Structure formats: C-alpha cells, structure tokens
Amino acid sequence: MADVGERETLDTEQPDEAPVTKQSRFGATAEVIVLYVVCLFVALALAAICVSATGGSWSNVYTAMLDGSIRKPGRWGLTLGVSAPILLVALGTIVNSRAGLVNIGQEGQLIIGSCFSAYIGVRLAGPGPFVLVVAMIFGIIGGAIWAGIAGALRYYRNVPEVLTTLLMGTVALNLMGWGLRNTSLLLAPAAGRANRNQVSEPLAHDTRIPRVTWFGNEFPISVLLAIALAVLVWLVVDRSIVGFRLRMLGSNAKTAHRSGVNERRYGIGAMLVSGSFAGLAGGIMLAGGDFGNYQLVANFGVGIGFAGLLAALVARQRVFVAIFVSFIFGCMRTGSGFLRATGVSGRISDVVQGLLVLALLLPPAILYVRARRRALSATSTRV
Amino acid sequence: MGNFFSALGDIATTESAYRNAVIAAAVLLFAACGELVAEKAGTINISLEAMMLAGSFSAAIGVHLTGSTWVGLLFAMLAGLIVAAIQANMSHRLPADQFVVGLVLNVLVLGLVGFLTGSIQPKSGVVRRVSVPVLSRIPLLGPALFDAPWVLYFIFPLVPLVWWLLYRTRWGLEIRAVGEDPNASDVSGLHVNRLRRQAIYFTGIVAGFGGGYFLFARAGKFEDSLIGGRGFIAIAAVIFGGWTLKGTVAGCVMFGLVGSFVLTIPSLGYKSIDSSFLAMAPNVITIIAMAVFAKRVRQPAALARPFIRGLK
C-alpha cells in the first residue's frame with residue numbers, strides 16, 4: 001500500500017516556497033493585501049445578499065454581530081471565553097499538520113475530553129482546585145486516547161488517519177449520548193434535573209475555573225492558559241529541534257527517516273498532542289462557564305472542534321495568526337447571540353464564517369498559481 | 001445478549017424493517033456511488049455531506065416552487081453540481097487543500113440551508129409508491145424493493161452505470177489512471193486535474209440526486225438535520241468496500257440494515273438495547289475492517305494527494 005505519510009499537505013507547501021519572482025517587494029505586498037481585501041469583501045457581500053434576499057437588513061445584522069461580539073459592555077469577555085477552546089483545538093491541529101497528518105476529528109476528541117472531565121469532576125472527592133486540575137488532566141487523557149487510536153492505526157496498520165478521525169467523531173458523539181442516558185456514567189441523578197432531560201450533573205462551585213474581571217469584562221482564566229499554551233506551542237513547533245523534526249516529517253517523510261527521525265514516535269506523538277489539546281478544550285468548555293451551565297448536554301460540542309480545525313487551517317499553521325483567527329471565530333459565535341433582535345436567524349453566522357473561510361483560502365492559492373505561472377514563463381523565455 | 005438476538009429475529013421477520021433498510025441503503029448508495037468515482041480519481045471528497053444536503057434542500061425548493069417532483073430532482077442535481085464545482089475548482093484548479101475545502105463546504109451548506117429553511121419553509125411531500133407487478137409479491141424483500149417510492153428505482157440503473165463508466169469506458173480508465181499515478185497519467189497526456197474535477201462533478205450530481213431522493217422517499221418535509229451525517233457514512237461505505245463497486249454496495253446495504261435496526265428496535269419493544277451503539281456501529285465496523293484488511297485492500301495509490309505538475 002502506498003505510504004500515506006508522503007502526502008503533500010498543501011498548506012505546508014504553498015506560497016512560502018513558490019518560485020521567486022523579480023517583482024518589487026512593495027508591489028507584491030500590495031497585491032497580497034488587495035487580494036485579501038477583495039476576497040473578504042466578496043464574502044461579506046455574498047452573506048449580505050443572502051440576508052437581503054430573505055427580507056432581512058444586512059446592515060442591522062453586521063451591527064448586531066459587532067455589538068454582540070465586542071462593542072456592548074461585557075461582550076468581549078464572553079467572546080474571549082468562547083475563543084479559548086477554539087484556540088486550543090487550533091493549537092493541537094497546528095502540531096499534527098506540521099507532522100503532515102490530517103486530523104479532522106477534533107470535535108470527537110473534544111467531546112471525549114469533556115466527558116472524561118465531567119465524570120472525574122463530579123465523582124472525585126477532594127479540595128476543589130485539586131479536583132479541577134485532575135478533571136482537566138483526564139480531559140487531556142480522553143482526547144489523547146481518541147486521537148491516539150487514529151495515530152496508532154495509521155502507523156501500525158496503515159489506515160489513513162483522515163478517515164479514522166472522521167469516523168471516530170460520530171462514535172464519540174454516540175458514546176456521549178449513551179453516557180448521558182446512564183446514571184452510572186454521566187447522567188445526573190433524577191433528583192437534580194427536569195424529567196427526561198439528558199444532562200450531566202453540574203460541576204460543584206469550587207471545581208469551576210475561576211473567572212476574573214478586567215475592564216468590566218468577565219472571563220475564565222483558562223483564556224490566559226490558552227494564550228500561554230499558544231506561546232509554548234510556538235516555541236516548540238517553530239523554535240525547537242522537536243518542532244523541526246515534526247516539520248521535516250511533514251514535508252518529506254523519507255528525508256526525515258534518513259536523518260533519524262523516528263516516524264512512529266513523532267507521528268503518534270503529534271496525534272496524541274493534537275488530541276490532548278482538543279480534550280483540554282472540552283474540559284475548559286465544561287468548567288469555564290461560557291458554554292452552558294457547567295454540565296454536559298446532548299449537543300455539547302456545538303461545533304467548537306470544527307471551528308478550531310478551520311482556524312488552524314485558515315491561519316495556515318502559524319500560531320500567532322491562529323490566536324487572531326480563533327478570536328474572529330469566537331466573535332462570530334457570540335455575535336450571533338444578538339441576532340434574534342434583528343429578526344434574522346442566528347444561522348447566518350455559520351454562513352458568514354463559512355464564506356470568510358472560503359475567502360481566506362483563495363488568496364494564497366491564487367498567489368501560488370500566479371507565482372508559478374510567472375516562474376514558468378520566465379524559464380521558457382530564458383530557454 | 002439473548003435479548004439482542006431475539007430482537008434480531010423479530011426484525012428479520014418484520015416487513016417495515018426491510019422497507020426502512022432499503023430506503024436507508026439507497027440514499028447511502030446514491031452518495032457512495034458518486035464518492036467511489038471521486039476516490040478512484042484520487043480525491044477524498046469530504047463535502048459529500050454538503051452535496052447531499054444541498055440536493056435535498058433544493059429538491060424541496062423545486063417542489064415548493066413548481067409542485068413537480070421531476071423539477072425537484074433536477075434542482076437537486078444542480079445544487080449538488082454547484083457544491084461540486086466549488087470543491088473541484090478550489091482543490092483541483094487552485095491548490096487549496098481538499099479536506100479544508102470539503103470541511104468548509106459542509107459547515108457553509110449546513111449554515112446556509114438552516115438559514116434559508118427558517119425563512120422560506122419549503123413545502124414538499126413523500127412521493128407515491130409504484131409497485132412492480134410480479135416482483136413485489138416476493139415475501140419480505142419484495143415489497144421493500146419493488147413496491148417502493150418511485151424515486152428509489154433510479155438506484156437500479158445507477159449501479160451498473162457507474163460500473164460501466166468506471167470499467168468499460170475510456171473516461172473511466174483515465175479516471176482510474178489519474179487516481180493511481182497522476183505523474184504517469186500527466187506524462188501520457190491526460191489532464192489530471194481536469195479529470196479529477198469531472199469525477200467530482202459526477203459525484204455532486206449523483207449525491208445531490210441522492211439527497212433529493214431521500215427527501216421524497218423518506219422525509220417529505222425538509223429539515224436541516226435530514227442528512228445528519230449520512231454523507232460520512234457513505235464515505236465509510238466506500239472505504240469499507242475497499243474501493244470496489246461490489247464492496248461499496250455491500251457496505252451500503254449493511255449500513256442500511258444497521259440504520260433500520262436503530263429505527264425498528266424501539267418500536268418492537270426492545271428498550272434495553274441502546275440505540276447509540278447501533279448508531280455508531282457502521283463507523284466502528286468500518287474502522288475495524290480497515291484495521292484488519294488495510295494491508296490487503298489497496299486504495300487508489302494517489303488518494304488524497306493533490307497533483308501539481310513538477311512537484312515530485
């Protein structure tokens with residue numbers, strides 16, 4: 001069977017390595033900026049058309065989204081809280097993408113992580129902070145197991161990790177559904193919940209992530225943890241030997257092998273790290289308080305895993321860009337909360353987000369194609 | 001466990017279980033037939049789900065506007081084609097990553113369809129059953145297969161058509177060549193990315209039609225949860241089938257049966273069997289099958305590898 005590890009993940013191979021042209025540096029920068037602006041404008045315009053066509057007012061929609069995400073008092077704190085798990089998932093995704101692996105099951109890993117956290121967080125007796133830390137660690141373990149299975153299958157049985165991670169997402173969702181139907185697992189005892197509601201027991205007050213208030217905006221300190229982890233990931237991935245080996249494995253598995261990189265160890269390691277981040281994201285979603293009432297519900301993931309995955313891909317695996325993109329995605333989510341007043345369905349935020357991502361994928365691709373064309377024509381005139 | 005087997009026995013003698021299974025298997029099969037062609041050409045087409053969803057939504061719109069199921073089906077194919085055009089041109093004309101594009105399309109179409117359903121609320125209905133004279137009197141399986149909503153019958157010519165396209169036409173040979181060795185195909189004068197785009201267009205049309213079929217055969221009324229991950233199960237069926245048409249059909253039938261279990265078991269009074277395990281069964285089975293057979297089954301050699309001339 002073909003060696004999947006040789007696959008080009010295009011993201012790592014795009015314009016940075018596109019053929020060099022003799023265009024002036026200023027012209028090239030201007031071209032990039034114009035392209036991005038045009039693409040983003042078209043995306044927003046398309047969404048606006050969508051709103052107008054169904055009888056809404058697009059200016060109201062965009063105003064409401066801005067109000068809901070940043071402008072109104074207290075909202076950017078909420079946005080930060082929502083962005084933190086997105087960022088964590090994105091960080092994990094950056095690690096596995098650098099190793100040339102495609103993990104698209106973050107949603108499932110996040111759900112398993114949150115289930116592990118919920119189980120431990122409710123059952124374990126002890127001082128609150130200690131329970132909280134242990135619960136988060138178990139969240140990490142849960143996510144790591146879920147991604148690790150895919151990694152192990154990839155390296156020991158040659159099963160493409162894209163497919164296993166994709167399929168295991170649904171399995172995770174169903175496992176949580178099963179857990180939420182059994183009191184011995186996750187379901188809260190009948191006394192504390194409305195009849196037939198499939199929810200887990202809420203975390204006790206002292207096992208929740210403490211919240212701080214800055215400038216009138218309240219957010220869980222997990223936001224700071226996420227940013228610290230981002231710096232750590234940047235250090236490891238961009239500034240360390242381990243990160244270099246990961247990149248080598250991702251860009252050319254043969255070279256990596258010949259220079260002594262243990263493909264299995266680094267590949268599975270990257271998957272484990274990726275899953276850990278998703279699992280931790282699940283844990284802080286549960287204990288952070290910006291997603292429901294510190295308890296698991298049937299659709300607990302609410303697409304945060306997918307959002308994080310998209311954030312990492314849009315940021316093209318650059319850590320600091322990922323922080324920014326995660327925040328924008330967080331804005332989409334919190335902004336849609338204000339849409340009800342405008343009479344436009346909150347689902348429009350999904351549309352805007354999808355169009356924005358498509359728009360952000362275009363410029364690098366177009367630039368790459370154009371740079372290649374220029375290089376080709378340059379070589380052909382020379383010959 | 002004994003409980004499970006008695007449930008199994010009950011289901012094997014329940015006619016509605018077969019009906020459910022056939023309807024569920026057919027929607028998977030429509031999508032999987034398309035996906036098989038795309039994967040043979042070397043693309044893992046994650047946006048299958050989006051194609052199906054766009055298909056069934058547009059089918060509902062078509063019926064809502066004109067009242068004709070045929071127009072609905074046409075709309076469904078067009079919508080699938082539009083999604084396919086985005087997927088194909090972004091991943092095989094521009095060098096965007098196919099998984100990224102597919103994932104985004106899934107999110108985008110789900111959002112768009114959800115948004116539009118809220119404001120349009122298309123009206124549509126289940127189509128009538130047409131019964132084939134003699135065949136529909138076969139016990140158990142007969143009514144399920146031959147006394148079905150008429151849109152189902154398109155699946156019978158589709159499977160041979162896909163086989164003929166893939167294995168008996170020049171286009172099919174080129175598609176397979178492009179999926180196995182894009183560099184060699186390129187050198188022998190095939191336009192690799194164009195062929196891959198064409199394969200995805202085919203996928204879009206068939207999957208869109210499948211989405212429309214499912215609306216008319218099962219649901220009647222469109223909801224944005226209608227497809228609910230069936231696209232991913234169809235992808236699983238292709239992989240489970242080891243990238244062969246026979247295997248894909250077998251996979252779809254099996255997953256259709258499992259889907260029908262999930263529906264039928266509670267109505268037969270078996271409350272103790274948790275539906276979660278049945279719902280996840282197709283995926284678990286596929287993963288195990290891949291793990292066991294992955295070394296024996298050969299996927300298209302260039303599966304999921306983009307082709308850019310001059311790169312390796």
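1. A:Ile268 is found in helix α11 of chain A; helices here are DSSP runs of H or I with at least four residues, strands are E runs of at least two, and both are numbered from the N terminus. This is a predicted model, in which local features need pLDDT of at least 70 and side-chain atom pairs count only at pLDDT 80 or more, while totals for chains, interfaces and linings use all residues. Residues are numbered from 1 along each chain as its sequence is written, and chains are lettered from A and ligands numbered from 1 in the order in which they are written.

2. Is A:Ile268 buried or exposed? A:Ile268 counts as buried because 23 C-beta neighbours lie inside 10 Å. The cut-offs are 20 or more other C-beta atoms within 10 Å for buried, 12 or fewer for exposed, and partly exposed in between, with C-beta atoms placed from the backbone. Apart from neighbours within four places in sequence, A:Ile268 is in contact with A:Gly148, A:Gly151, A:Ala152 and A:Tyr155; contact requires C-beta atoms, placed from the backbone, within 7 Å. A:Arg247 lies 21 residues from A:Ile268 in sequence and 14 Å away in space, C-alpha to C-alpha.

3. Chain A contains 14 helices and 2 strands, and its C-alpha trace spans about 80 × 55 × 35 Å along the principal axes. Buried residues account for 56% of the 383 residues of chain A. Of the contacts in chain A between residues at least 6 apart in sequence, 78% join residues at least 24 apart.

4. Helix α8 of chain A (residues 222-239) has 18 residues and should span 26 Å at 1.5 Å a residue; its end C-alpha atoms are 24 Å apart, which agrees. The expected span is 1.5 Å times one less than the number of residues. Which residues of α8(A) are buried? They are A:Ser222, A:Val223, A:Ala226, A:Ala230, A:Val233 and A:Val237. These residues cover an arc of only 100 degrees around the axis, so they lie on the same side of α8(A); the arc is that of the directions from the helix axis to the C-beta atoms.

5. The buried residues of α8(A) pack against several elements of chain A, including α4 (75-98), β2 (217-220) and α11 (263-288). The face turned away from the buried side carries the exposed residues A:Ala228, A:Val231, A:Leu232, A:Leu235 and A:Arg239.

6. Between the chains, 48 residues of chain A are in contact with 45 residues of chain B. Helix α14(A) supplies the largest share of the side of chain A that touches chain B, 13 residues. The residues of that side divide into 29 nonpolar, 12 polar and 7 charged, where Ala, Val, Leu, Ile, Met, Phe, Trp, Tyr, Cys and Pro count as nonpolar, Asp, Glu, Lys and Arg as charged, and the others, Gly among them, as polar.

7. Chain B has 13 helices and 2 strands. Its radius of gyration is 20 Å, close to the 20 Å that the globule rule gives for 312 residues, so chain B is as compact as a globular protein of that length. Buried residues make up 57% of chain B.

Key. Two residues are in contact if their C-beta atoms, placed from the backbone, lie within 7 Å. The radius of gyration is taken over C-alpha atoms; the globule rule is 2.2 Å times the number of residues to the power 0.38.
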